[in-house]
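Walk me through the annotated sites of this model, taking each residue in its structural setting.

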Amino acid sequence: MAYGLRLAERGRYTTSPNPRVGCVLVRDGEIVGEGFHARAGGPHAEVHALRAAGERARGATAYVTLEPCSHVGRTPACAPQLVEAGVARVVTAMNDPNPQVAGRGHAILREAGVEVTEAIAPAAARALNPGFVSRMERGRPWVTVKLAQSLDGRSALASGESQWITGEAARRDVQFLRARQCAVLSGIDTVLTDSARLNVRLSADELGIAGEVRQPARVVLDSGLRLPPFAAIFDAPGAVWIYTRDANEGVHHEALLKREATLIEAPTAPGLGLDLDFILSDLARREINEVLVEAGAKLAGAFVAAGLCDELVVYQAPVLLGHQARPALALPEPSALVDASRWTLVDETRLGEDLRLTLRPAR
């Protein structure tokens, strides 16, 4: 199963909106077939493993990192194919949180006489697919807020100058972080001020994948529909989705539609501008598993303050910018230290002279 999880990880840049899944077929103590799900619309991990094993799949044990699917989507269901191939036993790392499956895959196998051992490594399997699990269980994507800051927690000088706080190694690492996402989200002010493109600028070879690089959707929160059609974000490949108060207002409305931007109306929330809960729910309906927030202090802080940030990725440079510089996060001050927002460090990685800190809410 550990090997199957490593196989599944090979689809980290390519499988969305599907989960990352690996499968290993073992017969008489020997691996006779293996595979992983590479792209949505392509064969699932079980199919790759069965094709590799051929007749040797009969009587084998299949180790699958997620319960085999029981419904027909872009491809045929996997559970019946395991039965047809004559697999004797199926061991899964976790049950599928998708309501369309949710135990049905295991049931199909058992009804056909296949021995099933389920959910032997749920924590590891869930960690492989936090966005897919979040979308199925919570109805919203997994949200990562990315920050680049100085030692004193500043993101830019008072003038707005911020290029570059971190070094080349950290900025390159951000591209790998983006490549894992289904969407990269920012606010209109950041998109305009930084001429942001929010796309992945790595080649398939650099990512270690076959085929074209999957570009995340670029999501802009623009309540007044101020994004001009000549903005730099349109110079990069991939979809541009704009959340706004009124999709029919704004001087650039028609021109944005001609640039093939998707305009989505969103309600407002007191003190937050556009309603972030609505936006995340709508992104889930659009099959977005994971969202990377690359925004200014106000919008990034709004996600954190609202409890909508599942993970902070902080690129910290060994520089000091002073108390008049702009903060990385705009957050309300707690009434007492005991009420401060607490986070748990889950990873620390050195990137050149900088540090990448990955943190999750301490709850």
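**Annotated sites in context**

Leu 198 sits in the loop between helix H8 (188-193) and helix H9 (204-207). Helices here are DSSP runs of H or I with at least four residues, and strands are runs of E with at least two, numbered from the N terminus. The model is predicted: local features need pLDDT of at least 70, side-chain atom pairs count only at pLDDT 80 or more, and totals for chains, interfaces and linings use all residues. Residues are numbered from 1 along each chain as its sequence is written, and side-chain values use heavy atoms, with hydrogens and water left out.

Leu 198 is buried, because its relative accessible area is 3%. Buried means under 20% relative accessible area, exposed over 50%, and partly exposed in between (1.4 Å probe, protein chains only). Beyond residues up to four places away in sequence, Leu 198 touches Arg 178, Val 184, Ser 186, Val 191, Pro 216, Arg 218 and Ile 233. Contact means heavy atoms within 4.5 Å.

Arg 178 belongs to helix H7 (residues 168-179). With a relative accessible area of 7%, Arg 178 is buried. Its contacts, leaving aside neighbours within four places in sequence, include Leu 198, Arg 201 and Glu 294. An unreviewed UniProt entry lists Ser 162, Arg 178, Leu 198, Arg 201 and Glu 294 under "binding site". UniProt positions follow the numbering used here, feature names are shortened, and annotations may be inferred rather than shown by experiment.

The "active site" annotation, from the unreviewed UniProt entry, covers Glu 46. Glu 46 lies in helix H2 (residues 45-53). Glu 46 counts as buried because its relative accessibility is 3%. Not counting residues up to four places away in sequence, Glu 46 touches Cys 23, Val 64, Leu 66, Pro 68, Cys 69, Cys 78 and Leu 82.
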